[in-house]
Amino acid sequence: MIRAFPVNDEVNVSPVIAPDWRPDSWQDRPAAQQPNYPDADALQAALAQLRSLPPLVTSWEVNSLKAQIARAQAGELFVLQGGDCAESFADCRSDVIANRLKVLLQMSLVLVHGMRKRVLRIGRFAGQYAKPRSADLETRDGVTLPSYRGDLVNAPGFSAAARIPDPQRLLEGHMRSAMTINFVRGLIDGGFADLHHPEYWDLDWVQHSPLAADYQRMVDTLGDSVRFMETLAGGRVSDFSRVDFYTSHEALLLWAEQAQTRQVPRAPGWYNLSTHFPWIGMRTADLGGAHVEYCRGIRNPMGVKVSPTMTTEWVLDLCRVLNPDNEAGRLTLIHRMGADKIADHLPRLIEAVRKAGHQVLWMCDPMHGNTVSTPNGLKTRPFDRIMSEVEQAFALHKACGSTLGGMHLELTGEDVTECTGGARNLSHEDLERAYKSQVDPRLNYEQALELAIKIARIAD
Ligand code: PEP
Ligand code: CO
């Protein structure tokens, strides 16, 4: 949670410390997707510094998010999680951060309007600097180098020097995450999300979009409702000017995660205080692997990506290992199936998880199962496929008597051209204009709002 305000819905955390677990017990397991640092002493020196720096979030905030996710599990809230596939150090800039916050706030406003539910916002930022890669090496024109693994590890340029993992980047990442979170907290506390300030809700370059009129109508209606409530209440309702905002990133680079794993006074157990909501990615969800080992011992609410290649048993085992006490709010299953596979795989998982009695929040990531390559070799995602997976996800959950409780998206507040389709029907050729992502293609500002408007209509 970004804003500093009294935490009034803390959960009772059970005093359990996971058996046989230590912040470093992951080191006894095979750890996928870790860089090979050439200088072990330099790594240890950077980690020692990282351990001594203040954390980015607090245990109160982490517990408060867990309580809110428990409410989302009960169907009271919808979770919107979004941000870049990979943040870059260079994009730690005020305009980029403010625009990303703005699009997430605008999308959540649209969702509140359509779903008549509170929306809980979790940014995929302030630490989303490490990336899993399908291949350890990359070859171009006969030259083979280690893959780029995100700015937390190495640099994207294709040279031997750029690709050497550099532990100083762990400190740089921590600083940039701190600057990001600080700016977001300041924006929100200063009234950036205040419904009394329609200028913050303006549509920038999207104002001539085919969907602008729909959006404006929703903002006007909500503004009228706020004024109506305030007339009834006889004064300004300050809660309308503030929102909750939490952060998340993939818990991938375990050296960094361990260095941020702390105990705090008067709360049992260990917290990862680099983010509110870490998640385990698809490539690191092995039951016997280091990531599951690390994550089972921290108190944070957390997510795990669920792909169509996972067996039902595997998913049930993940629930047992990651949430042995079946604690409300602890575990979110983020399914990322692809529009052509979701109907074959989601129902078996919903049934099995329900039958086993596991409490989970179900979220849909309609991005990662729908990536295709253009003839020019760019990675893209067709808007229609993303939309199709979203529609199927809502329908399949409903048919199984379950609830889809959230959406996990890769998006930006910028005018990039990375995903095809949408209201402006971007083509493969259009992608060349402003393709900026170093890793996966993101929805641009307009496509993200369009998706929110369409989701709001489905759920209405
Ligand atoms: C991601 O979220 O950027 C990612 C790599 O996802 P997944 O683990 O689902 O492939
Ligand atoms: Co991605």
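Predicted model: local features only at pLDDT ≥ 70, side-chain atom pairs only at ≥ 80, totals over all residues.
The cobalt ion (ligand 2) is coordinated by four residues named here with their donor atoms: Cys85 (SG), His368 (NE2), Glu410 (OE) and Asp440 (OD). Along the chain, the donors follow the spacing C-x282-H-x41-E-x29-D. Cys85 is placed in the loop between S1 and H3, and Glu410 in strand S14 (residues 406-410). Cys85 and Glu410 are both buried.

Aromatic contacts were examined next. The structure holds 6 aromatic pairs. In one of them, the ring centres of Trp21 and Tyr294 are 6.4 Å apart. The planes of Trp21 and Tyr294 meet at 50°, so this pair is tilted. The pair links distant parts of the chain. Trp21 belongs to the segment before helix H1 (40-52), whereas Tyr294 sits in helix H8 (residues 290-296). The separation between them is 273 residues. Trp21 has a relative accessibility of 6% and therefore counts as buried, the limit being under 20%. Tyr294 has 0% and is likewise buried. Ring pairs also bring in Trp270, which forms a cluster with Trp21 and Tyr294.

A further aromatic pair joins Phe89 and Tyr129. Its geometry is edge-to-face, with 4.9 Å centre to centre and 75° between the planes. Phe89 lies in the loop between strand S1 (77-83) and helix H3 (94-115). Tyr129 lies in the loop between strand S2 (118-123) and strand S3 (137-140). The two are 40 residues apart in sequence, so the pair ties these loops together. Phe89 is buried, at a relative accessible area of 9%. Tyr129 is buried too, at 1%.

The largest nonpolar core has 91 residues. Within this core, the residues with the most contacts are Met107, Leu322, Leu333, Met407 and Leu443. H3 supplies the largest share of the core, 11 residues. Met107 touches Leu80, Leu409, Leu411, Ala448, Leu449 and Ala452, with residues up to four places away in sequence not counted. Another core lies apart from the largest one and has 17 residues. Its members include Tyr37, Ala46, Leu47 and Val153.

Technical notes. Residues numbered from 1 in each chain as written. Chains lettered and ligands numbered in written order. Heavy atoms only, no water. Phe/Tyr/Trp six-rings, centres within 6.5 Å; stacked < 30°, edge-to-face > 60°. Helix = DSSP H or I, 4+ residues; strand = E, 2+ residues; numbered from the N terminus. Buried < 20%, exposed > 50% of the residue type's maximum accessible area, 1.4 Å probe, protein only. Core = buried A, V, L, I, M, F, W, Y, C linked by side-chain atoms within 4.5 Å. Contact = heavy atoms within 4.5 Å. Donors = N, O, S within 2.8 Å, 3.2 Å for Na, K, Ca; no water.
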